[in-house]
Amino acid sequence: MFLMKRKRLFLLALLLALLTISPASDAQTGFQLIVNEDNPYQSVSRDQAADFFLKKDTSWEDGTPVEPVDLSKPASVREAFSETVLKRSPNAIKKYWQRQIFTGRNSSPPEKGSEAEVIAFVRDNRGAIGYVSTGARLGDGVRRLDLN
């Protein structure tokens with residue numbers, strides 16, 4: 001009996017460990033990255049996506065300028081994106097952009113008030129990258145970009 005309990009505890013601990021090290025899926029993160037359908041890239045690392053949205057990297061590997069676009073601040077999707085990709089809260093990101101603007105280094109990405117506006121922006125700009133909820137309908141001209 002003791003050995004069976006111990007084995008169950010071990011299996012439970014193993015399962016929990018595997019869940020914590022597996023890559024984040026869209027269902028876990030609550031958002032999906034999107035790009036223009038003409039963008040040749042199928043995936044991007046979390047670090048690369050963060051660099052795009054913080055404007056530390058300003059072009060795709062083929063030289064196309066990156067045009068990140070954000071959802072407005074109250075969106076829960078924005079919070080999920082900020083915590084997962086940028087590893088910062090939306091308030092910390094706001095402070096980051098205030099410092100960037102104050103020192104004249106850079107300006108924040110444009111903010112759109114709805115997912116439809118983000119999708120339209122990405123559709124209309126070849127180098128654009130944005131994020132929307134996992135259930136958002138993308139339509140023509142936009143496709144999902146995998147996050148590694």
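Contact here means heavy atoms within 4.5 Å. With that in mind, Ser133 touches Gly30, Phe31, Gln32, Val77 and Glu115, not counting residues up to four places away in sequence. This is a predicted model, in which local features need pLDDT of at least 70 and side-chain atom pairs count only at pLDDT 80 or more, while totals for chains, interfaces and linings use all residues. Residues are numbered from 1 along each chain as its sequence is written, and side-chain values use heavy atoms, with hydrogens and water left out.

Ser133 lies in the loop between β6 and β7 (142-147); strands (E, at least two residues) and helices (H or I, at least four) are DSSP runs, numbered from the N terminus. Is Ser133 buried or exposed? Ser133 counts as buried because its relative accessibility is 19%, given that buried means under 20% relative accessible area, exposed over 50% and partly exposed in between (1.4 Å probe, protein chains only).

Strand β6 (residues 128-132) has 5 of its 5 residues buried, so it is largely enclosed by the rest of the structure. In a regular strand the side chains alternate between the two faces of the sheet. Both faces of β6 are covered: Ala128, Gly130 and Val132 are buried on one side, Ile129 and Tyr131 on the other.

**Strand partners**

Two strands pair if DSSP finds at least two bridges between them. Strand β1 (residues 32-36) runs antiparallel to β6 and is joined to it by 4 bridges; here Leu33 has Tyr131 as its bridge partner. Strand β3 (residues 67-68) pairs with β6 in the parallel sense over 2 bridges, and Pro68 has Ile129 as its bridge partner.

Rings of Phe, Tyr and Trp (its six-membered ring) pair if their centres lie within 6.5 Å; planes under 30 degrees apart count as stacked, over 60 as edge-to-face and the rest as tilted.

| Pair | Type | Centre to centre | Between planes |
|---|---|---|---|
| Phe53 and Tyr131 | tilted | 5.8 Å | 55° |
| Phe81 and Tyr131 | stacked | 4.1 Å | 5° |

Phe81 belongs to helix α4 (residues 76-86) and is 50 residues apart from Tyr131 in strand β6, so this pair links distant parts of the chain. Phe53, in helix α3 (residues 46-53), is 78 residues apart from Tyr131. Both Phe53 and Tyr131 are buried, and Phe81 is buried as well. Ring pairs link Phe31, Phe53, Phe81 and Tyr131 into a cluster.
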